[in-house]
Amino acid sequence: MKESRALPIAVALAILLLLWYAAAVALNWTQANGDLLATMSLAKPLLPAPHQIAVEFWNSTAGQRIDSKRSLIFHAAVTASSMLAGFALGVAIGLLLAILLVHVRVLDRALLPWIVASQTVPILALAPMIVVVFGAAGLTGLVPKAVISAYLSFFPVVIGVAKGLRAPDRLQLDLLHTYDAGRRRVFTVLRWPSAMRFLFPSLKVAIAAATVGAIVAELPTGAESGLGARLLAGSYYGQTLQIWAALAMASLLAASGVGAVVLLERLVIRARGGRL
Amino acid sequence: MSDTTVEARGLDLVFGDVAALSEIDLTVARGDFVSLIGPSGCGKTSLLRVVADLAQPTGGTILVNGTTPHAARLARAYGYVFQAPALLPWRTVERNVTLPLEIIGLPKDERRARACQQLESVGLAAFARKFPWQLSGGMQQRASIARALSLQPSLLLMDEPFGALDEITRDGLNLRLLRLWEATNLTVLFVTHSIEEAAFLSSRIVVMSARPGRIVEVIESDLPRGRDLDIRDDASFHALAHRVRTALRAGHSYG
Ligand SMILES: Nc1ncnc2c1ncn2[C@@H]1O[C@H](COP(=O)(O)OP(=O)(O)OP(=O)(O)O)[C@@H](O)[C@H]1O
Ligand SMILES: [Mg+2]
C-alpha cells in the first residue's frame with residue numbers, strides 16, 4: 001500500500017526537479033554568461049535552482065534567532081496569526097450565513113447574490129480600502145488583516161455548508177416530522193450531520209484562501225513583518241531567493257492548515273465508523 | 001380509546017388536476033391488519049400520508065385513534081415505515097432506533113433498553129453497533145421497523161416496506177411481521193403491490209384503482225391466525241388471491 005503511493009510521488013517530484021533545473025539553466029544562461037555552473041549559483045537569479053531555495057530557506061529559518069526580523073519563522077508566525085484569526089472569523093460568518101440562508105427563505109433570495117458578488121471583487125482592490133477604513137477606526141495590525149483573510153475564507157463555507165444543510169432528502173425530513181421534531185432538532189440531528197460531508201472540503205478551501213488573504217493583507221499595510229512583507233521587500237530589491245523562500249514558507253503554512261483540517265476530518269470519520 | 005383506529009369518510013386529495021384520492025371511505029378497526037393494494041399512482045402512499053398528517057386532505061373527514069391526524073401525530077400514535085429504510089448513515093443501528101426516543105426526551109437508559117428490545121424482536125440484536133451501510137437491504141428495513149416500533153405506537157403505517165427485497169428475504173420478513181402483529185394488539189396499515197403478500201398478511205385487503213384514486217373493493221380474509229408460509233399452497237389462499245386479482249382487474253377496466 002505505502003510503496004504504491006510513495007513511488008509515483010517520488011517519480012513526479014524527480015521529474016519536477018529535473019524540469020526546474022533545466023528551466024533555471026535556460027533562464028539564467030545570459031546572466032551567467034553561458035557558464036553552466038554559474039547558472040545555479042547566481043545571487044539574484046531570474047529563477048533560482050531548487051537547492052539554492054533550500055539553502056536560503058535553511059539559512060533564514062534554522063540560521064536565525066526566531067525573534068529576528070530576518071527569521072522566516074518570525075514572519076510566518078505573523079502571517080499565521082492573521083490567517084488563523086481570519087479563518088476562524090470566516091468560518092464563523094460562513095456557518096452563520098449558511099444557517100440563515102437555509103432557514104429563512106427570503107434571505108436565500110436576498111443575500112445569496114450579494115454573497116456571490118462579494119467574491120467577484122478583486123481582493124487586491126478591496127484590501128487597501130479595508131485597511132484604511134479599519135485604520136480610521138483605530139484598528140490596525142491583526143484586525144484588518146484577519147478581516148481580509150475572512151473575506152476570502154467565508155465564501156466556500158457558506159456555499160458548501162448551505163448545500164450540506166439542504167442535503168437531507170424528503171424521506172428523512174418526513175421521518176422527523178412524524179416525530180414532531182422542531183426546527184432546532186431537525187438541525188441538530190439531521191441537517192448538521194448531513195452537512196459534514198460538505199463542510200470539510202469547504203474548510204480545506206477556506207484555510208488555503210485564508211492564507212492567501214493573510215498574505216495579500218500584508219501588502220497594502222506597508223507591514224514590515226509577515227510573509228507578504230517579505231515577498232514585497234524581496235521583489236522590490238530583486239531578491240529572488242528571498243521571494244522563493246518566502247513562497248515555500250507560505251505553501252508550507254497553507255499545507256499545514258489543510259493538514260490540520262484533514263486530521264479533524266479523520267476524527268469525525270472515525271467517530272462515524274469509517275464514512276463521512 | 002375508540003375501537004376504530006382509522007375512520008375516513010368521503011376523503012379527497014387533489015394535486016392540481018390529479019385526483020390522488022377520491023371519495024375514500026375506510027374503517028380500520030383496532031387490531032386489524034389492512035393492506036392497500038392497487039396499480040401505481042392509485043393513491044396508496046397518499047392515503048398513508050394523510051393518515052400520518054404528512055399530507056392534508058382537500059375534502060372529507062378522517063379520524064385517527066378518534067382524533068385528527070394532527071393530534072394523533074403529536075401523540076406519537078403511529079410509527080411510519082417508508083419504502084426506503086431512511087436510516088441516518090452516521091448513526092449506528094442502535095442510535096437510529098433510539099432517535100425517536102431521543103426526540104421525545106426519554107432518558108438514556110430507557111432509550112437503550114427499548115432499542116435493545118426492539119432490535120431483538122426484529123432479529124438484529126447482534127448488529128446494534130454496526131452502521132446502516134454495513135447491513136443488507138433487508139436488515140436495514142428491519143432496523144427501520146424497529147425504529148418505528150420503538151415509540152410503542154398502536155398503529156404501524158408501512159409503505160411497501162419490502163418492495164425492494166428479494167422474494168426469500170421478503171417471505172422471511174413477512175412471517176416475522178405477521179408473528180409480531182399476532183403477538184401484539186398492533187394495528188397495521190400496509191401498502192403493497194404484491195397480491196401474495198397482501199393475501200398472506202392481511203385480515204382485510206383494500207383494493208384500489210387509479211385516476212381517480214378510489215377504493216374498488218374491501219376483501220375480508222378468512223385465513224386462520226397463526227398461519228405460516230405453507231398456507232400459500234392451500235386452496236383457501238388461492239381463492240383469496242383470486243378474489244384480489246379479480247378486483248384489481250375490475251378496477252383496471254374502470255379507467
Ligand atoms: N406531492 C405531490 N404533488 C403532485 N402530485 C402528487 C404528489 N404526490 C402524489 N401525487 C400524485 O398523486 C397520485 C397518487 O400518488 P401516490 O404516490 O399516492 O400513488 P401510489 O399508489 O403510492 O403509487 P406507487 O404504487 O407508484 O407508489 C399520482 O398520480 C401522483 O402523481
Ligand atoms: Mg407509493
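Author: Helix α1 (residues 44-51) of chain B is largely enclosed by the rest of the structure, because 6 of its 8 residues are buried. This is a predicted model, where local features need pLDDT of at least 70, side-chain atom pairs count only at pLDDT 80 or more, and totals for chains, interfaces and linings use all residues. Residues are numbered from 1 along each chain as its sequence is written, chains are lettered from A and ligands numbered from 1 in the order written, and side-chain values use heavy atoms, without hydrogens or water.

Reader: Which residues of α1(B) are buried?

Author: Lys44(B), Ser46(B), Leu47(B), Leu48(B), Val50(B) and Val51(B). Buried means under 20% relative accessible area, exposed over 50%, partly exposed in between (1.4 Å probe, protein chains only). Helices are DSSP runs of H or I, at least four residues; strands are runs of E, at least two; both are numbered from the N terminus.

Reader: Why is Phe200(B) called buried?

Author: Its relative accessible area is 1%. The cut-off is under 20%, so the term applies. Phe200(B) lies in helix α7 (residues 195-201) of chain B.

Reader: What is Phe200(B) in contact with, beyond four places in sequence?

Author: Its partners include Asn174(B), Leu178(B), Arg227(B), Ile231(B) and Phe237(B). Contact means heavy atoms within 4.5 Å.

Reader: What makes Asp233(B) count as exposed?

Author: Its relative accessibility is 65%. Exposed means over 50%, so Asp233(B) qualifies. Asp233(B) lies in the loop between β9 (214-220) and α8 (235-254) of chain B.
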